[in-house]
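Have a look at the sequence and coordinates first.

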Amino acid sequence: MGGIRVVARIRPQQTSELQKDCIVSATGPDGEPSSQPTFVRIPSFKNENESFSFQFSSVYDQASTQQAIFDNEITPTIKHLFNGFDVTIFAYGVTGTGKTHTMRGGKSLAERGIIPRLLSSTYRRCRKIEKDSGGATSVGITLSYYEIYNDKVFDLLESPEKRTMSGLHLRDNGGKTVVVGLTERPCESLKEFEKMYDEANVNRSTSATKLNAHSSRSHAILCFKVTMTTGDEVRVSTASGMWLCLPRTNRRLPIRQLSTS
């Protein structure tokens with residue numbers, strides 16, 4: 001299993017933008033509307049008869065649903081997670097483009113984002129594997145969640161009062177960058193995850209922007225580790241969800257794949 005898919009999602013216009021024209025469109029290769037668009041087109045500001053096009057693996061327009069994105073882009077990767085492969089979901093964009101909505105989503109079932117949907121599917125698969133094996137295989141999930149803010153790493157599963165000004169330290173471990181001292185907690189159900197996740201999100205660094213009054217101003221990385229044990233055989237894989245904001249304060253930050261210690 002391998003490969004990278006690069007997907008674009010066009011967010012709906014905000015209330016303050018409804019009086020303006022929507023200039024971004026999702027199209028097929030010929031520039032016409034398509035049931036499975038792969039191009040984003042933006043008109044040229046210098047020449048009204050000219051436009052710029054950008055190709056992606058898939059493009060989702062303003063009417064796309066959380067369910068459709070999860071079914072098409074995330075569901076096919078779940079089986080690989082249980083075969084020992086790591087999975088990374090990387091949401092990238094400037095402040096106000098909808099990264100948190102896509103990744104975290106809302107509280108209703110329809111508005112749930114990628115992360116809670118992925119955990120829900122993973123727990124169901126865990127229970128099925130344990131049942132089908134007659135108890136011979138056990139599956140455990142542990143969670144870690146941290147932010148990178150002003151070039152420093154902070155553990156979101158610990159209260160801000162326990163933070164040091166320098167944040168957590170990083171070290172190299174066989175070519176991987178490891179976050180030293182990062183909390184890793186067992187997480188046995190979706191309900192437990194949601195409680196832990198909500199408490200952790202309160203600890204995220206936020207600040208108002210012109211586009212979003214409650215914008216997250218840090219890069220967030222949530223990892224859950226799946227450990228399958230059958231007798232003496234242990235298989236470990238990690239699913240990572242990253243959403244990166246691009247405020248001016250973090251424009252120089254190099255992002256690398258990080259692991260827990």
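Q: Which residues are exposed on the other side of α4?

A: First, the ground rules: this is a predicted model, where local features need pLDDT of at least 70, side-chain atom pairs count only at pLDDT 80 or more, and totals for chains, interfaces and linings use all residues. Residues are numbered from 1 along each chain as its sequence is written, and side-chain values use heavy atoms, with hydrogens and water left out. Helices (H or I, at least four residues) and strands (E, at least two) are DSSP runs numbered from the N terminus, while buried means under 20% relative accessible area, exposed over 50% and partly exposed in between (1.4 Å probe, protein chains only). On that side of α4, the exposed ones are K191, K195 and V202.

Q: Why do the buried residues of α4 line one face of the helix?

A: The buried set in α4 is L190, F193, M196, Y197, A200 and N201. The arc is taken from the directions that run from the helix axis to the C-beta atoms. Looking down the axis of α4, its buried residues line one face because they fall within an arc of 130°.

Q: What do the buried residues of α4 pack against?

A: Contact here means heavy atoms within 4.5 Å. Take F193: leaving out residues up to four places away in sequence, F193 touches I115, P116, L119, Y123, L143, C187 and L222. For the buried residues of α4, the packing partners are α3, β7, β11 (185-186), β14 and β15.

Q: How many bridges join β6 to β15?

A: Two strands pair if DSSP finds at least two bridges between them. I89 has G241 in β15 as its bridge partner. β6 and β15 run parallel, and the number of bridges is 6.

Q: In the hairpin of β14 and β15, which residue takes a positive phi?

A: β14 and β15 pair in the antiparallel sense over 11 bridges, and F224 is partnered by A239 in β15. The hairpin has 2 residues between the strands, and the residue with a positive phi near 60° is G231.
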